[in-house]
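This briefing is meant for a reader who has not seen the structure before. Please look over the sequence and the model first, then read the points by topic.

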2 protein chains.
Amino acid sequence: MTFGLDPRLAADTHEVGDFALCRVLLMNDSRYPWLILVPRRADLSEIHDLSAEERTLLIEEATGAGAALKSLTGAKKINTAALGNMVAQLHCHVVARFVGDDAWPGPVWGSGRAVPYEDEAAARLVADLRRALEGLI
Amino acid sequence: MTFGLDPRLAADTHEVGDFALCRVLLMNDSRYPWLILVPRRADLSEIHDLSAEERTLLIEEATGAGAALKSLTGAKKINTAALGNMVAQLHCHVVARFVGDDAWPGPVWGSGRAVPYEDEAAARLVADLRRALEGLI
């Protein structure tokens, strides 16, 4: 089977690009700068479904995304998580958090309703992210 | 500076043992089988504060803990996360989730109040975990 993006992940995000292992998506929720990394492999739901080599790629890509996001946004803290209780396809959240943001200091998942980006703001942020992630994408 | 465990992490957990990189703790909340892995390095708060070699260890240890926890408990899903909005010391949650558990399908953080283990139940689970994690501890 070949890789296909879960339709719910596709509907909730803007595409940023591809790392060596993961597709990089921007969550369409302007409350938090929030990336989702999806390993481009079929039929994965747990991190232990990846090979050891792929896991090293995953953590390096999540770390690079987190460091770039922190430096781009001046965030207080990066939250990195693979949950998958709602969408089974293995995916890793990398979220920039700020003191006083809508969910601070709680988790972003399940907190309130997403506030979609205006089209122009999304396009601008995707362009900024591509520049910030240069060398990884 | 040498490694010291954050007092809040120490207060909320039972010690399971040490992996090559991380101290392994059992969260004292009987609602979820829940491990916390703390890299035994001083002054870390983000995953990108670790070296690449340490990050590979971290993901291998978190993966081993998750696979062991899933196999020991029959969980539906493992949730793996490094948040750190409340406790700055870098630590990684590995939580066994079940359909219908107290927070399902939402995140465990910030959901209700912890239900501490009875002493005997905690001791039994720690012993089971040490057996399940054999080869890693």
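Predicted model: local features only at pLDDT ≥ 70, side-chain atom pairs only at ≥ 80, totals over all residues.

Pro105(B) sits in the loop that runs between strand 5 (92-97) and helix 3 (119-132) of chain B. The peptide bond that joins Trp104(B) to Pro105(B) is cis, with omega at about -5°.

**Cis peptide bonds**

- Most peptide bonds are trans.
- In chain B, the bond between Trp104(B) and Pro105(B) is cis.
- In chain A, a cis peptide bond links Trp104(A) and Pro105(A), and its omega is about -5°.
- Pro105(A) belongs to the loop between strand 5 (92-97) and helix 3 (119-132) of chain A.

**Positive phi**

- Most residues other than glycine have a negative phi.
- Asp43(A) is not a glycine, yet its phi is positive, at about 60°.
- The loop between strand 3 (34-39) and helix 2 (52-73) of chain A holds Asp43(A).
- Is Asp43(A) buried or exposed? Asp43(A) counts as exposed because it has 10 C-beta neighbours inside 10 Å, and a residue is exposed if that number is 12 or fewer.
- In chain B, Asp43(B) has a positive phi near 60°, and this residue is other than glycine.
- Asp43(B) is placed in the loop between strand 3 (34-39) and helix 2 of chain B.
- Asp43(B) has 10 C-beta neighbours inside 10 Å, so it counts as exposed.

**Contact between the chains**

- How many residues does the contact take from chain B and from chain A? The contact takes 29 residues from chain B and 29 residues from chain A.
- On the side of chain B that touches chain A, helix 2 (52-73) and strand 4 (77-82) of chain B each supply at least two residues.
- Which element of chain B gives the most to that side? Helix 2 of chain B does, with nine residues.
- By residue type, the side of chain B that touches chain A has 14 nonpolar, ten polar and five charged residues.

**Strand pairing across the contact**

- Strand 4 (residues 77-82) of chain A pairs with strand 4 of chain B.
- The two strands run in the antiparallel sense, and the pairing extends over three bridges.
- Thr80(A) has Ala82(B), in strand 4 of chain B, as its bridge partner.

Methods: Residues numbered from 1 in each chain as written. Chains lettered and ligands numbered in written order. Contact = placed C-beta atoms within 7 Å. Helix = DSSP H or I, 4+ residues; strand = E, 2+ residues; numbered from the N terminus. Nonpolar A, V, L, I, M, F, W, Y, C, P; charged D, E, K, R; others polar. Pairing = 2+ DSSP bridges. Buried ≥ 20, exposed ≤ 12 C-beta atoms within 10 Å, placed from the backbone.
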